[in-house]
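Reader: Hey, I'm new to this one. Could you put it up on screen and walk me through it?

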Amino acid sequence: MLYFIGLGLNDARDITVKGLEAVKSCKYIYLENYTSILESSKEELEEFYQKEVILADRDLVEKQADEILIRSEEEDVAFLVVGDIFGATTHTDLMMRAKEKNIKTKFIHNASILTAVGIVGLELYKYGKTTSIPFNNENVDTPIKVFNKNKEHNLHTLFLLDLDPKNNNFLTINDAADYLIKKGVNKELIAIGCAKIGNEHQEIKVTTLENLTKENFTKYPQCLIIPGDLHFMEEDALELWK
Ligand SMILES: C[S@@+](CC[C@H](N)C(=O)[O-])C[C@H]1O[C@@H](n2cnc3c(N)ncnc32)[C@H](O)[C@@H]1O
């Protein structure tokens, strides 16, 4: 059996009761550690689960997934994902490969950044396509195209920001705001910076895109939102974070 288990957004204790029961029953526990990060380290998770945790980087999950799948044919295996299991597009592939091999699967969901951004007060139903801003983005235009399309339809845009947890490297809200302005986005637009949503000390700031280039955020991971048309209730909610 291969369990796909969401860990939530903050620390070891955000796992669901069902998720924890599944982890305890598994022989091998993989932690996908390239699409997001938890406050808790691998060692803290191991202590919490009383089990060894195997770090699974992009190479292991995307190129050497056979190791996870072969083990799942014989034993119970947990594949842990920070946030929700389907909050990153890459994990559908592992699910499909497990299905192809007739490996039994179970899915235990959790909170995702894709819904947790609701805290800023913008209606989730009024977001357009989500886009990611990568490192080395000088020649990258997709986020701008996505933003323009969303704006055309008066929809909000969520920008996810690249990260490389292995090397403790994160694209910051400051970098992302800089990138957007350099690519021609109006620096006077209202924009929202969000750092480590779900944490007790999360940081949320509503200001202009220009101000976000210098605002001091201290926590990771981070994301940035540019609202589309605002309902008066959304305007009121944004006031909370000014
Ligand atoms: C691939 S996505 C999210 C994947 C995760 N499985 C989920 O469901 O939340 C990773 C990106 O989301 C954003 N992100 C994730 N967690 C966040 C948080 N707690 N606060 C702010 N941004 C976050 C960052 O931009 C990060 O690079």
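Predicted model: local features only at pLDDT ≥ 70, side-chain atom pairs only at ≥ 80, totals over all residues.

Reader: How many bridges join S2 to S3, and what's a strand here anyway?

Author: Three bridges join S2, residues 28-32, to S3, and the two run parallel. Strands (E, at least two residues) and helices (H or I, at least four) are DSSP runs numbered from the N terminus, and two strands pair if DSSP finds at least two bridges between them.

Reader: What's the strand order in the open sheet?

Author: The order is S3-S2-S4-S1-S5, five strands with parallel pairing. S3 (54-56) and S5 (105-108) are at the edges with a single partner strand each, so one side of each has no neighbour in the sheet. From one strand to the next the twist averages 20°; axes here are lines fitted to C-alpha atoms, for helices over the stretch in contact, with angles from 0 to 180 degrees between N-to-C directions.

Reader: What does S4 pair with?

Author: S4 pairs with S1 over five parallel bridges, and with S2 in the parallel sense over five bridges too. Tyr-3 stands opposite Ala-78 in S4, while Tyr-28 stands opposite Val-77.

Reader: Why is S4 called largely enclosed?

Author: Because five of the five residues of S4 are buried. A residue is buried if 20 or more other C-beta atoms lie within 10 Å of its own, exposed if 12 or fewer, and partly exposed in between, with C-beta atoms placed from the backbone. Val-77, Phe-79 and Val-81 are on one side, Ala-78 and Leu-80 on the other, and both faces are covered. In a regular strand the side chains alternate between the two faces of the sheet.

Reader: Which helices lie across S4?

Author: H1 (residues 17-25) lies across S1, S2, S4 and S5, at about 140° to S1. H4 (residues 65-74) lies across S1, S2 and S4, at about 135° to S4.

Reader: Switching topic: which residues have the most contacts in the largest nonpolar core?

Author: They're Phe-159, Leu-161, Ala-176, Ala-177, Cys-223 and Leu-224, in a core of 31 residues. Such a core is a set of buried Ala, Val, Leu, Ile, Met, Phe, Trp, Tyr and Cys residues joined through C-beta atoms within 7 Å. H8 gives the most to this core, with five residues.

Reader: And what does Ala-176 touch?

Author: Not counting residues up to four places away in sequence, Ala-176 touches Ile-133, Phe-159, Leu-161, Leu-171 and Leu-224. Contact is when the C-beta atoms, placed from the backbone, lie within 7 Å.

Reader: Last one: is Glu-200 buried or exposed?

Author: Glu-200 counts as exposed, because it has 8 C-beta neighbours inside 10 Å. Glu-200 sits in the loop between S10 and S11 (203-208). Glu-200 and Asn-10 are 190 residues apart in sequence but 8.6 Å apart in space, C-alpha to C-alpha.

Conventions: Residues numbered from 1 in each chain as written. Contact = placed C-beta atoms within 7 Å.
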